[in-house]
Amino acid sequence: KNGGQDTVIDENRRDFLKATAAAVPLITIAGSVSGVTKSFGEVKVYKRNMLIENLPPDFEGLKILHISDPHLRHYVTLSDLEQVCTDAASFSPDLTLVTGDVADDLRQLSDALKMVNDLKSPLGTFACLGNHEYYRGIEEVHRIYDKSPVPLMVDEAVSVPVKNSKLMIGATDDPVSFGSKHQEFYSNCIDVILTRRHAGDFSILMAHRPDALDKASESGFNLVLSGHTHGGQIGFMGRSVFEGAWPDRYLWGEYSRGKTKLYTSSGVGHWFPFRLGCPREAPILELHRA
């Protein structure tokens, strides 16, 4: 998309990796071959109904395109994101929310944001930070976002009119480090957001990590959108195979805590090219009253 030599090199490397995956020796475990090959397949863009308790009538049928974790670099490139946007356009999403880790190659970030914004979702396009934005250079990330058409939200909230109602969209920062659930961090983030909270008949929280659900449910958010986990990149029957080991980490799919719903996306991209039973995805979440 940017016409530069670096993009050509990335595409050539991607083609090489595809060919390598297809040429794995026959003695390799069949599941491993399938997992590597499928990691280069198309991103699954589909409509998913989200049932929300006491959903106000003005939000019935609202469609949210959820893009998380493209990790644009070698394994996933702008051509993958273009496929996502092209497929998503057929669903006419009302709102597009991007929950972090957009580009590991920051040279692709500007084009990626323009591409997502070109969907022209009527209620807007908003983004939050992930841990990889910090790894790749948070100051440069902020500079790119400042010049882009997509607002980057960090511990803040906006109010968006929807018919005769208001939609409140909040977004947290990211704790960067791994390990614990960072409960104190998310508690502090959400407390800051609440001080800047706009009145809303329905509220959505963008948080790169699904760990934010616990505090978000206590704070009255209706819906949380997250990514980060990639579903462990191995799944079975729509759940991560690691769900049993970490049931409180909300690894992939739909979860409820109190009256708050969470959707954790398995992500558009990945940091390691292996997927088995856990396809890359960019769901369009359509809201309906439970």
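Two strands are taken to pair if DSSP finds at least two bridges between them. In the predicted model, strand β4 (residues 125–128) and β5 are joined by two bridges and run in the parallel sense. Within this pairing, Ala 127 has Leu 152 of β5 as its bridge partner. Both strands belong to an open sheet of six strands, arranged in the order β1-β14-β2-β3-β4-β5 with mixed pairing.

Four aromatic pairs are present in the structure. In one of them, the ring centres of Phe 59 and Phe 202 lie 5.4 Å apart and the planes meet at 35°, so the pair is classed as tilted. Another pair is formed by Tyr 250 and Tyr 255, with ring centres 5.4 Å apart and planes at 65°, so the arrangement is edge-to-face. Tyr 250 and Tyr 255 are likewise buried.

Tyr 255 also takes part in a contact with a charged residue: Arg 239 lies over the face of its ring, at 4.3 Å from the ring centre. A further contact of this kind involves Lys 44, whose charged end sits over the ring of Tyr 46 at 4.7 Å from the centre.

Note on methods:
Residues are numbered from 1 along each chain as its sequence is written. This is a predicted model: local features need pLDDT of at least 70, side-chain atom pairs count only at pLDDT 80 or more; totals for chains, interfaces and linings use all residues. Side-chain values use heavy atoms; hydrogens and water are left out. Rings of Phe, Tyr and Trp (its six-membered ring) pair if their centres lie within 6.5 Å; planes under 30 degrees apart count as stacked, over 60 as edge-to-face and the rest as tilted. Buried means under 20% relative accessible area, exposed over 50%, partly exposed in between (1.4 Å probe, protein chains only). A charge sits over a ring if NZ of Lys or CZ of Arg is within 6 Å of the ring centre and within 35 degrees of the ring normal. Helices (H or I, at least four residues) and strands (E, at least two) are DSSP runs, numbered from the N terminus.
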